Amino acid sequence: MSTATATTDRQGQRPKQKQQRNFGALWLLLPSMVPILVLSVYPLLRGIYLGFTDARAGLNVEYAFTGLANYQEMLSDEMFWSSFRIGFIWTISVTLIQFCLAMGLALLLNEKLRGRWLARILAVVPWAMPPVVVGIMWSLVYRPDAGLLNEILYRLGMGDVGTNWLADFSTALPAVIVVGVWAGMPVTTVILLAGLQGVPHELHEAAAMDGAGRWRRFRSITLPSLSG
């Protein structure tokens, strides 16, 4: 009788202990959740709400609810669709180019090469740089008067020293696409490299013994393993 009572007591205490652990975990998450709620979630919800009003910038400005009027005006604005088209081109271009280059770099870093540890460190340098530093550095590269890119092209006899890469749309969009690819490649490379290291090496050895080339092994083994 005493054994059954003790068993029942332990079973009753387990849900309480679990609730206490969950409550303790919430307290640990609270310091990181408060800044996210205050600086990200609340401004997002506030911005969505203001989108249905005639609010203007300023302090203590009165506003009224206008429904979908702002969104109807936005959809009929040519500037919005132009910005949307540019953003769409930038997103697709950066994603595709970044993935292809990061995949090639990850495959290279996954090989047993001399100095591989140094190459892996250098590959994540752009990720460690603050966005402000990245912006300043690339603005110096694209400067029309003393930019690094103009100087290199001039030395090679392929361009003019005074080309303003960020002033013309035909060159500004490719220029910022290059910056986006360069800044995002480290994270993508690290993720793909981690996935490549999880692919069993025995599969590649068996496929190589069967006569499969590098491209066939990549298409039939590496890609399915990464997607799975």
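**Figure 1. Salt bridge between Arg143 and Asp145 in the predicted model.** Arg143 is partly exposed, its relative accessible area being 36%. In this predicted model, the side chain of Arg143 meets that of Asp145 in a salt bridge, with an N to O distance of 2.7 Å. Asp145 likewise counts as partly exposed, at 49% relative accessibility. The pair belongs to a set of two salt bridges found by a search of the whole structure.

**Figure 2. Salt bridge between Arg155 and Glu151 in helix α7.** The closest N and O atoms of Arg155 and Glu151 are 2.8 Å apart, and the two residues form a salt bridge. Both residues belong to helix α7, which spans residues 148-155. Because they are four residues apart in this helix, about one helical turn separates them. What is the relative accessible area of Arg155? The value for Arg155 is 68%, and the residue is exposed. Glu151, by contrast, has a relative accessible area of 32% and is partly exposed.

**Figure 3. Aromatic pair of Tyr49 and Tyr63.** The structure contains nine aromatic pairs, counting rings whose centres lie within 6.5 Å. In the pair of Tyr49 and Tyr63, the ring centres are 6.4 Å apart and the planes stand at 70°, so the arrangement is edge-to-face. Planes over 60 degrees apart count as edge-to-face. Tyr49 lies in helix α1 (residues 2-50), whereas Tyr63 lies in the loop between α1 and α2 (69-75). The pair therefore ties together parts that are 14 residues apart in sequence. Tyr49 is partly exposed, with a relative accessible area of 41%. Tyr63 is also partly exposed, with a relative accessible area of 32%.

**Figure 4. Aromatic pair of Trp138 and Trp182.** The rings of Trp138 and Trp182 form an edge-to-face pair, with a centre-to-centre distance of 5.7 Å and an angle of 70° between the planes. Which helices hold the two residues? Trp138 is in helix α6 (residues 131-141) and Trp182 is in helix α8 (residues 169-197). Trp138 is buried, at a relative accessible area of 14%, while Trp182 counts as partly exposed, at 26% relative accessibility.

**Figure 5. Aromatic cluster of Phe52, Phe65 and Tyr71.** Phe52, Phe65 and Tyr71 are joined into a cluster by ring pairs. A pair of aromatic rings is described by the distance of the centres and the angle of the planes.

Figure 6. Ala102 is placed in helix α3. Is Ala102 buried or exposed? Ala102 is buried, with a relative accessible area of 0%. Leaving out residues up to four places away in sequence, Ala102 touches Met185, Thr188, Thr189 and Leu192. Val181 is 79 residues from Ala102 in sequence, and the C-alpha atoms of the two residues are 9.3 Å apart in space. Gly104 is likewise found in helix α3 and counts as partly exposed, at 38% relative accessibility. Between Gly104 and Thr189, which are 85 residues apart along the chain, the C-alpha separation is 8.7 Å.

**Figure 7. Lining of the largest pocket.** The largest pocket has a volume of about 650 Å³. Its lining comprises 17 residues, of which Asn110, Glu111, His201, His204 and Arg214 are the closest to the centre. Helices α3 (78-110), α8, α9 (201-209) and α10 (214-227) are the elements that give two or more residues to this lining. Which element provides the largest share of the lining? The largest share comes from α10, with five residues.

**Figure 8. The whole chain as context for the close-up views.** The protein chain has ten helices and zero strands. Buried residues make up 18% of its 228 residues. Among contacts with a separation of 6 or more, 48% are accounted for by residues 24 or more positions apart. The accessible surface of the chain comes to about 17100 Å², and carbon and sulfur atoms hold 67% of that surface.

How values were computed
Residues numbered from 1 in each chain as written. Predicted model: local features only at pLDDT ≥ 70, side-chain atom pairs only at ≥ 80, totals over all residues. Heavy atoms only, no water. Phe/Tyr/Trp six-rings, centres within 6.5 Å; stacked < 30°, edge-to-face > 60°. Buried < 20%, exposed > 50% of the residue type's maximum accessible area, 1.4 Å probe, protein only. Contact = heavy atoms within 4.5 Å. Areas by Shrake-Rupley, 256 points an atom, 1.4 Å probe, with all protein chains shown as cover. Salt bridge = Lys/Arg side-chain N within 4 Å of Asp/Glu carboxyl O. 1 Å grid on protein atoms, 1.4 Å probe; cavity = no way out; pocket = protein on both sides within 12 Å on 5 of 7 lines; lining within 4 Å. Points joined across faces, edges and corners; volume = space filled by probe spheres on them.
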